Amino acid sequence: MAFEYKELGNDPNLFWRVCIFILGIELAERLCYYTFAGSQEYFLEDLNYSVLQSSGVNAAFATLCYVWPLVGGYLADSRWGRFRTILIFAVFYVLGALISSIAAQPGEGRSGVLYMIGTMGFLAVGTGGIKPNIANFGADQYDVSTPEGRLAQEKFYNHFYVAINIGALFAYGFMTTLCSSGLPGVVPQEDGYVVGYGLGSGAMVLALICFICRRRHYTMKPPGGDALLGVMMHVGSAARAGSWEGIAVFLGWPLMLLGVLLTVVQSFYNRHWLLYVAVSTLGVGFTGICVGCSGDRRWLDRASKNKHLRRQHTADFLRVMPVLFTASIGFNALYNVMSFWYQQQACQMDNRLWGGYQLNGSFYNVMDCVAIIAITPPVLKHINPFFDRMLGGLTRHGKLLIGISLAAISVLLAAWMEVQRRAAPVLPTISLCAPAGVHMSDYSGFWIMIPYGLMGAAEVYVNPTLYHLSYAQTPQRLRSVAQAICLLMTSVSTGMFTLLTAMLPTANDLNKTHFEYGYYVSAVMAIPFLIAYCCVQKNFVDKDFDLPDDQDDEMEPFKEVAYTRINFFKDFPSPRSPWNSPSNSPVPTPIAIAEGFFARTGDDAFTMSEAT
């Protein structure tokens, strides 16, 4: 199949003529993904997996889904282009969903092996090609050389984030409960999984057909070359030249990836020695990258030049890694508790509605989605402007600390609720989403929506900030790779969570164990990463990569930072700053992908002034 690489252009009807079909792929993919991810633990428990075993497999599934984007992002940037990458990987995705649907049929036809092939294999691979490229492919449709084009692109990202949440809301609000409980009078309970998975597969097939039918109307940018290969060659040549930092970074990446993959193996082959190897490998790799990428990165002066990338761009790319790594994993150590354990806790609460109909524990995830959509507008229109007027505004550092604090409150509140639930009387009603034979407690499941809502509020402050950091503070040719690394950090954190589930005692009935201990351990695990984040953030230098630069491949001299980044509130302007205030920068602001419903953008998009 031949693909035409068309020139950029503006079209007032572009959204409804072209971009709506790109959003359709994202909506269907998220609907299907969250249907599988939100019901997977309960499906595995029906196959006699324990609560913690099913949590570990579910975390391993998420890990794989966030490792494969490195491959998908690389192929799109250097080989196939975004459209072809999305198309090929979407076919894998559809095959995985269909295979899993067949494996979920009731009775003797239900196959755990076939289900694992479909989800952990084909579906995870498909996610890896779609997730890092679909948003950028939508943005490619706009001509950003004009103010109108930039504004239209900003609106597209808003619609993109809405599409994600619509898919998640429908999945958690209806599909996961359909899977575990069926639909009274329409779908018997024993057919719930096959019908739910079949509907998700059908939505993905329909969206893919529509996406392909509009292919002649898309703007398709050709691949941009092996910038990532250029980074690898620079680091490798510096390591061969004897730089210990280069050696640390060069060995750190494969060690960290190996540690992540070992956590997936640990989910299926539960051995203590494998657990220790995975922990050690992850720790050494993570530490090597963070330490090697910190400082002024003068060790790249020893790297050999190559045709793929300038050494200065490699240094600029690597400088983001320590901040991105530590902040992301520190937050996700808390976020994973909600993602994997809140629903298990909710399954032993009272989830009954009219006529004894039971909600699935995953249903309460809707509160996380609703909170994100509902809280973002007042945060942007009222809360942040309040800080602007009264306290000078919030820095990126302040936003991250607020979000992480809210996440910690969410986890500790959920732990307290688990203690209260376990002390409540046990009801005679058996839970349909808990392991077989486990009863509900006389403690309403709707209480768990409060921790879910708090975590959603935390995401409003953390995730958009990290997305913006990886986009705005990375050289243009490496921005897709940086977004893939954002997803990889989620994978690293879920890999650590998989190890945590393996270390905790196993019990199908949460009344027979102290489930809240895992919450406390997760909160403690976040502390060292947050301390490390504060250390590396203190010396982080912001730069502007949207301005043209020279092509000389000489490393810039180490420069003094004009703004002190560790401050909680917005920095005071330096006499050396070119526009007096960070918020007055005339440079167009890149879009923070996850900040939907923006009334305005650009609070964090400012250029750091550097002393010459």
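Because the model is predicted, local features need pLDDT of at least 70 and side-chain atom pairs count only at pLDDT 80 or more, while totals for chains, interfaces and linings use all residues. Residues are numbered from 1 along each chain as its sequence is written, and side-chain values use heavy atoms, with hydrogens and water left out.

Start with the inside. Rolling a probe the size of a water molecule over the atoms shows where empty space is left. The structure holds ten cavities of 30 Å³ or more, a cavity being a set of points, on a 1 Å grid over the protein atoms alone, where a 1.4 Å probe fits but cannot get out. The largest cavity comes to about 970 Å³, volume here being the space filled by probe spheres set on the points. Its lining (residues with an atom within 4 Å of a point) counts 46 residues, with Y34, Y66, Y335, N463 and Y467 the closest to the centre. Among the helices giving two or more residues to this lining are α1 (14-46), α7 (147-181) and α16 (479-503); helices are DSSP runs of H or I, at least four residues, numbered from the N terminus. Helix α12 gives the largest share, ten residues. By class, the lining has 28 nonpolar, 14 polar and four charged residues; Asp, Glu, Lys and Arg count as charged, Ala, Val, Leu, Ile, Met, Phe, Trp, Tyr, Cys and Pro as nonpolar, and the others, Gly among them, as polar.

On to the charges. There are eight salt bridges in the structure, each a side-chain nitrogen of Lys or Arg within 4 Å of a carboxyl oxygen of Asp or Glu. In one of them K131 pairs with E26, at 3.0 Å between the closest N and O atoms. K131 sits in the loop between α5 (112-130) and α6, and E26 in helix α1, 105 residues apart. Both K131 and E26 are buried, that is, under 20% relative accessible area, with exposed meaning over 50% and partly exposed in between (1.4 Å probe, protein chains only). R30 and E29 also meet in a salt bridge, 2.7 Å from N to O, and both are buried.

Finally, the surface. V265, F268, Y269, W273 and V277 form a nonpolar patch with about 490 Å² of accessible area together (Shrake-Rupley method, 1.4 Å probe; patch residues have over 30% relative accessible area and no salt bridge, with nonpolar side chains joined within 5 Å). Helices α10 (244-268) and α11 (272-293) each give two or more residues to the patch. F268, in helix α10, is partly exposed, at 44% relative accessible area.

Methods:
Patch = residues over 30% accessible without salt bridge, like charges linked within 9 Å, V, L, I, M, F, W, Y side chains within 5 Å. 1 Å grid on protein atoms, 1.4 Å probe; cavity = no way out; pocket = protein on both sides within 12 Å on 5 of 7 lines; lining within 4 Å.
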